[in-house]
Amino acid sequence: MANESEDPMLLEEPMLILGNGEMYRNQTEVKMSQIVLPCHANYCGELSAGQLLKWMDSTACLSAERHAGCSCITASVDDIHFETTIGVGQVVNITAKVNRAFTSSMEVGILVSCEDLFSDRQWKVCHAFATFVARRTEAGKVQLKQVIPRTQTEQMEYSLAAERRRMRLIHAEIINDLLSSCSSQTVSERLDYQDAVPADRTRVESVELVLPPHANHQVSTFGGQIMAWMENVATISASRLCNAHPTLRSIDMFHFRGPSHIGDRLVLKAIVNNAFKKSMEVGVCAEAYQGGEPLRHINTAFMTFEVLDNDRKPCTLPRIRPEPVDGKRRFQEAIARKKIRLDRKYIISCKQSEVPLSVPWDPSNQMYLSYNNVSALKMLAARTNWVLTSEKNKVETHVAVAAKQVFLLLSDLRRRKAWDHHYQECEVITDSHEDDTIYRVVTPSVTKGGKVQDFILLASRRSPCDSGDPYLIALRSVTLPAYPPTEDYNRGEVLCAGFSIWEEDNSFTKISYYNQATPGVLPYISTDIAGLSSSFYCTFASCSAFLEENKDSLASLPTSTL
């Protein structure tokens, strides 16, 4: 079994020594160190978030171009959560490296830390993932070379990058669906508070002329510069609400919708969409034009600010009175985004050890639960320090069945009763997504004479992103209000379990099974590992026989019968 997984971005692994005795360093890795000077700081003597975003984007772009061998542009940046601020005189250390390359785009991981030269202390500020696209050359569209991971951390990031890419591609669609359903609801809070600040008072509009110093080596407006300008107007907008100096805490995932060039006039607009008790959301829009041409939409971002007191604790903020029509829509959508933001941070951003065994499932967090489910399994599969007391208990097998057929047969948990006697009953509760299904599973008691157990399991399925990836079936417990625990069953919980299915050739497959121990399953697993039972061996021998018998059957992914 494996120990609890840690955030791979924060893992410090020993330097890898190659066969020829050389020390290994990732060829795409780029490091930048900057001492914070007064010209980089805001009115509080802290590094401007806009300046930090410029440095982060610059470092990441250099890493992407080192891998691509050509010019690259910033396509998107995932959520950024700033854990702390950086003062004048301290050193900012930024490390960026390419985690994975796809056809013409690549994911770059960015880690920012702060160093105090006088106390020799270092601490994490934030980490982020940016997507860069290789620019077309005279020869046509660029086909990027694959990244070859060499260390355990690189293998984790390489595997997780495919899941993050999947989430980016469906993120906008899911967010729009959730916001549309939110917009049709009425606001439960009163909006006519006597002491509320009119939202119009927080409106900011600013125009910037793009000059050569604002452009990168491709004569396009530097992506980090656009982010810095957007952060500037957002900060002004937030200040107008609270009449104080706000601190940027997070930026939601955003995409650059088009390029900007030298000579463009960049129009930046910001307004406070909603003020919560301790934080506020500011919406920012960037548009560009030249001469008499119409405005081109460059980017939209949502930034969360807090106001800190002398003890660095968030202060209570004034209420806001939204404008009619569009203002009320933005007000409602900000409430929905806050819910989504908290779900995302709660499920994705915290360490695996901090995620509870069962997380409530609902449509607003299904995408993030699915991501966490698959990512946890990938992180378990990438670990090299598995500890087993007996090799015969290593749950890995090979079958003479095509990998896709194995995937289809194992994906439907209702068929597991045919080979696993621990699955007494299994029913589909709901198909939350085409790649995700929620089941209720009934298993025997782990103690003699005890109650039988039931589990509410989210099963997330993934086909390979490319030929070097496995098929995955990830399982974790969730809670549903319609299926509460009952007196007749002990409600069991699964933190992380599932199958990794590797195609070895067209008709031969390797299957690995993982289960991160929890109190509900530990008695059964520990008994097997101690050598007191051959249950694991028999179960997977039965699984192999089941797959062989059904290798030519017509299998499909599960669908709800309810």
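The paragraphs below lead through the overall build of this predicted model, and then through its charged side chains.

The protein has 562 residues, of which 54% count as buried, and its secondary structure comes to 8 helices and 23 strands. Among contacts between residues at least 6 apart in sequence, 71% join residues at least 24 apart. The accessible surface comes to about 26000 Å², with 52% of that area belonging to carbon and sulfur atoms.

Side chains of opposite charge can pair when their charged atoms come close. The structure holds 30 salt bridges, and one of them joins the side chains of E83 and K124, with a distance of 3.2 Å from N to O. This pair links distant parts of the chain, since E83 lies in the loop between strand 3 and strand 4 while K124 lies in strand 6, 41 residues apart. E83 counts as partly exposed because its relative accessibility is 48%, a value that falls between the limits of 20% for buried and 50% for exposed.

Another salt bridge, at 2.7 Å from N to O, joins R164 and E107, which sit in helix 2 and strand 5 respectively, 57 residues apart. Both R164 and E107 are buried, and they belong to a network of salt bridges that also includes D78, E157 and R168. D454 and R440 form a salt bridge too, with their closest N and O atoms 3.4 Å apart, and these two residues are likewise buried.

On the surface, E396, E503, E504 and D505 gather in a patch of negative charge. Strand 22 gives the most to this patch, with 3 residues, whereas E396 has its place in strand 16.

Conventions
Residues are numbered from 1 along each chain as its sequence is written. This is a predicted model: local features need pLDDT of at least 70, side-chain atom pairs count only at pLDDT 80 or more; totals for chains, interfaces and linings use all residues. Side-chain values use heavy atoms; hydrogens and water are left out. Patches are made of residues with over 30% relative accessible area and no salt bridge: like charges are joined within 9 Å, nonpolar side chains (Val, Leu, Ile, Met, Phe, Trp, Tyr) within 5 Å. Accessible areas come from the Shrake-Rupley method with a 1.4 Å probe; for residues, only the protein chains shown count as cover. A salt bridge is a side-chain nitrogen of Lys or Arg within 4 Å of a carboxyl oxygen of Asp or Glu. Lys and Arg count as positive and Asp and Glu as negative; His and the chain ends are not counted. The place of a charge is taken as NZ of Lys, CZ of Arg, CG of Asp or CD of Glu. Helices (H or I, at least four residues) and strands (E, at least two) are DSSP runs, numbered from the N terminus. Buried means under 20% relative accessible area, exposed over 50%, partly exposed in between (1.4 Å probe, protein chains only). Contact means heavy atoms within 4.5 Å.
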